[in-house]
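Please look through the sequence and the model that follow, and keep both in view while reading. The paragraphs below move from one part of the chain to another.

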Amino acid sequence: MKAMADTLNDNSYSTTQRSINYSPTAQTFGGDSSYSLDATDRQDVYRLNWSRSSGIAISLSPQNGNADLELRDSGNNLLYSSANTGAAADAILLDRLNAGTYYIRIHNDAEVGSSAYSFKVQGFENRSDIIWRNYSASNGGVFVWKMDGIAYQGFDAVTYLPYPEWRAEAVGDFDGDGISDIAWRNTTSGGNVIWLLDANNKIKANASIPAIPISSGWRIAGAGDFTGDGKADIIWRNVTTGNTSIWQMDGVTYKGSIGFAPNILSGGLVSPVWSITGVADFNLDGNLDIAWRNTTNGENYLWYMNKNNFTSGLFLVDTNGSNKLEDQRWRMEGVGDFNRDGNPDLLWRFYGGNTALNFVWYMNNNRMVSGEQFTTVSDNTWEIVDSAPKANVADLGGNTMNTAFDIGTVSTSTVSYNETVGRLGDQDDFYRFKVGAASTVKVGLSQYNGQVNIQLIHDKNNNGVIDDLETVYDNSVNSAQVPNFISDGFLAEQTGTYFVRVRSTTTGGTPYNLNLSTVAANLVNLSVIADSFRILNMSSNPITEVTLGTNPISIQLEVKVKNNNPTTAIQDVPISFYISRDSNIVPNSQDPNTQDYEMFVSAPTDTTIDFAGGETKTLKFTVSIPDATEDFWVSDQSYFLGAYVDPQNVIAETNNNDNAISKSFVVKGTLRPDIVGTQFAINTSASSPGQPIQITGKIKNQGTRQTGSSFLVQFVLSKNNVIGDYVDDLPLTGFIVVPKSLSAGEEITFDTNLKESDVPGKDKGYLAGTNVTPPLKLPSLSDEYAIPYWQSYGNGSYYLGMILDFTFNAGERTGDRANNSGLGLNVDYGTLNISGIVSGGI
C-alpha cells in the first residue's frame, strides 16, 4: 500500500494533484513511496503543462516489478506509449510537442504486486538566432545574434569580410548537421560560395558552387529543403524575367535545377516587383512555404507548397487584416519561431535614416497575432541576413558511455527504443544495460534509412572506457536503405556492464528503432588441448620458419579441441586462425598495436565443427600466409601463429580462457616502402598573399621495397609545426609530382620552379595541379577558399611544409605513413613571414 495513497489524488485525469511544468533541464521524480504502484492503485497520472513548442524526452525506470508509460492529450486520448517488460526502462522521445496541456500516465494494468519507479521529463528548447552582415568596406562583420525569444543574449563573430560586393543572400542547413550555413553571391563577378558553420558559428568549411553572371538577372532568393533529403536547396529568382527556380543541392554539390509546378500566372512567371523574403512551413503540413513581398505597393503574400509544387496562396495580413505594409523602408528580412509556439514568425527591419528598428510579427499561419519590437541597431550598414534556427534536438541515448541511457536489467524479454542519431554533432547514442543471468543477447536495429555503425561493448571493469578486448561486436557500415540489422547472438555474462553504441557515419539525422532481446544461456565448455598445436608444410612436416614471396604461402595448422561436457552435444562451433606479433591471440582487438591478422582458410572450407558430448577432435586446416607486401608485417622477425575456438564468443561457455593456443614462427623476406623528407628549403624568408615562392628539397625511400609508379606531395601553410593535422592548415593549390617509382634507398630532388616538360628524364619532382604552372604561388587575398584563413590568422610567421603521398599512391603500410610530414625544420618544413593582410580582415 502506498504511504501517501490516502492524501494524494493522482488516479484521475481531471483531478490529479500532480503537475509538471515545462523545463529545458531534466526534472527527476521519485525517491519516496508515493512513486509506486500496487494491486489497489494501478495508475498514477501527471498533468504536463507544456508552455512552449519543443522536443521532449520522458523516461521511466521501474525499480522493481514492471511499470509502463503513456503520453495522452488534454482529452485523455492516447498519443504515445512505451511498454517494455520487467524492470527495463521505458521512454518516449519526440522532436516536437506543441504547447498545451497533456497527461503522463504510469501504470501496471496487467501486473501483480507492487512496483516502485522514478522518471525524468526534459524539454529540448529551440531558438531562432539572427545573422547580421555589415556592408561597410571598413567593417565587413558577419555576426550571429544569440537570442532567447526576442531577447538579445550576445553575439558570435563569424568573421570579417570587408568586400561589400559579397552579399550574404540565404541561410540554410546545407550539410544536414542541424546548424545554419550561409550562401554568398558576388554581385560583381557572379561567383557563389557556401560557408558551412559549426556549433560555435565558426566557418568549418567553405566551397564554391557554380557561378552565374550578374548580367543574367539571377539572384539567390532563399534556401530550404524542398527535396526532402535533409539538406537545404537554393531558390533562385530572376529579377529581370520573373523566373523562379530551385537548385537541388547535396551539401555544397549542385545536383541540378527543378522548377516550380504547376505553372503559376502567365507562363509560370511572377512579376519582378515581387521578391521572395522568407522560407518556412507556415501551415505546418511538413512542407516549406514561400513568403513574398511586393516592392512597389507593399503587399505580402504566401505560397503554400508541396515540395516544389505550388498548391495555393493567401495574403499575409497584419492584426488589422491589411495585406500591405506600404512603406518600403520596412523590409521583411527572414522567418523564425521567436515565441516558440511552433509557428513561423516574420522578421522585419526598418531602414530609415538613423532610425533602424527591428520588429517581429508573431504569426498563426498567414495571420499576424501580435508584434513586438526588439533591440535597435541604428547603423544601417548592418543588415539582417535571416534568422538562424538553433535546434536543441531531443536526445535519449547519451553521447558518451558516462551519459548513456540506462536501460536497467534486461531479463528474458525484448525491449525497444526509438531515437535519431547524427544531428547537431550527436554522432553517438550510448545505451547501458545489465543482464540478470548469463544470457544470449541479440541487438536489432530497424526502421532506419541512412548509414550507421553498431557496437556492443562489455565494460568488464566498469571504468566507463572502451578498453581493448571489450568490444564484443563491431558492425561495419551499413548501406543506405537497409531495412534492418540483427546481430548474431552473443553471450552476456552476469558480471560487468554492457553498452550498445549506435554511431552515425553521415552528418544528417538517421532515425532508428533499437531492440534488445535475451534468452537464458545453456552453458557448456570447450577447450584447446595444451601443446597440441602444430605448424606443418603441405607435406605434413613440421616447420618453424617461412620466407615470403610475391604470392601467399599455403601451410597446414593442426590442433586438438575438446568438448568438456560429457552429455551435451555442441553444434556449429567456429574456429579461426591468426598471425600475431606476440603470443597472445587477440581476434577482436581494435588496437593496431595488438590487432592480429586472420588467415584465409582454404581447406576444409567449412570452419565450424560439431562435437558430441565429451568428444575430442583433431582438426587440420590449410591456411594462407600473406605475401611479403602485407601491411601487417613489421620486419623480418619472430611472429606467432595461433588458433582460436569461438573467437566471437557466440557459444555460451563457463570458461573462455582456454579457447586459444599459439606457437612461435619466424618470418623472413618482408618488404615495404617508407618515404621521408630529407631536405626542405624555401627561397625567401618573407612573402605576401598571391606572391610566388620557390621550394626545393629531397625525398628518400628508406624502406625495403620500391614505391608505387608515382606519387604526389602536397604543400600546406600552418600556424604550428604539426603539418597535416588540418586544425589550422591551408593547402596550396599546386603540388609536386614524383614521376617515378623510388627503389629501396633511392633519393630524389624536387623544385617548384620546374614543370613536367623540364624533366624529360623523370629524375626530379616537378610542379603540377589544375590550372597551376610554375612558379608556385601563395593563395591570394581574393581566392575564395583562402579568405577565411587569412582573416583568421592575419600577418605573422607561418610554417610551410610538405605532406608526402597525400593521395596514398606510394604503397606504404599505414604505420609507415606517420613520418610523411612534420619530421623537422629544414627536413620537411620551413618558416615564412607573411605580410600584407589588413588587420581585422583582408
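Which residue takes a positive phi in the hairpin of strand 11 and strand 12? In this hairpin, which has six residues between its strands, the residue is Gly140, with a positive phi near 75 degrees. The model is a predicted one, in which local features need pLDDT of at least 70 and side-chain atom pairs count only at pLDDT 80 or more, while totals for chains, interfaces and linings use all residues. Residues are numbered from 1 along each chain as its sequence is written, and side-chain values use heavy atoms, with hydrogens and water left out.

Seven of the eight residues of strand 11 are buried, where buried means under 20% relative accessible area, exposed means over 50%, and partly exposed lies in between, computed with a 1.4 Å probe on protein chains only. Strands of a sheet pair through backbone hydrogen bonds, either parallel or antiparallel, and here two strands are taken as paired if DSSP finds at least two bridges between them. Strand 11 runs antiparallel to strand 30 (residues 382-390), with eight bridges joining them, and Ile131 stands opposite Asp386 in strand 30. Four bridges join strand 11 to strand 12 (residues 141-148), again in an antiparallel arrangement, and Arg133 has Val142 in strand 12 as its bridge partner.

Over residues 44-107 the chain is 0% helix and 67% strand, and the end C-alpha atoms are 6 Å apart. Five strands form an open sheet with mixed pairing, in the order 1-4-9-6-7, and its edge strands, strand 1 (19-21) and strand 7 (78-82), each pair on one side only. Strand 1 runs parallel to strand 4 (residues 43-50) and is joined to strand 4 by three bridges, with Ile20 opposite Leu48.

Another open sheet, of nine strands with mixed pairing, has the order 52-55-58-59-57-56-61-62-53. Strand 52 (675-682) and strand 53 (686-687) stand at its edges with a single partner strand each, so one side of each is left without a neighbour in the sheet.

The side chains can be followed next. A nonpolar core is a set of buried Ala, Val, Leu, Ile, Met, Phe, Trp, Tyr and Cys residues joined through side-chain atoms within 4.5 Å. The largest such core has 35 residues, and those with the most contacts inside it are Leu557, Val559, Ile575, Phe577 and Leu641. Strand 45 gives the most to this core, with five residues. Leaving aside neighbours within four places in sequence, Val559 is in contact (heavy atoms within 4.5 Å) with residues including Val528, Phe533, Ile575 and Leu619. Apart from this core lies another, of 32 residues, among them Ile695, Ala786, Tyr798 and Ala810.

Finally, Ala818 lies in the loop between strand 61 (796-804) and strand 62 (829-834), and counts as exposed because its relative accessibility is 67%.

Definitions and conventions: Helices (H or I, at least four residues) and strands (E, at least two) are DSSP runs, numbered from the N terminus.
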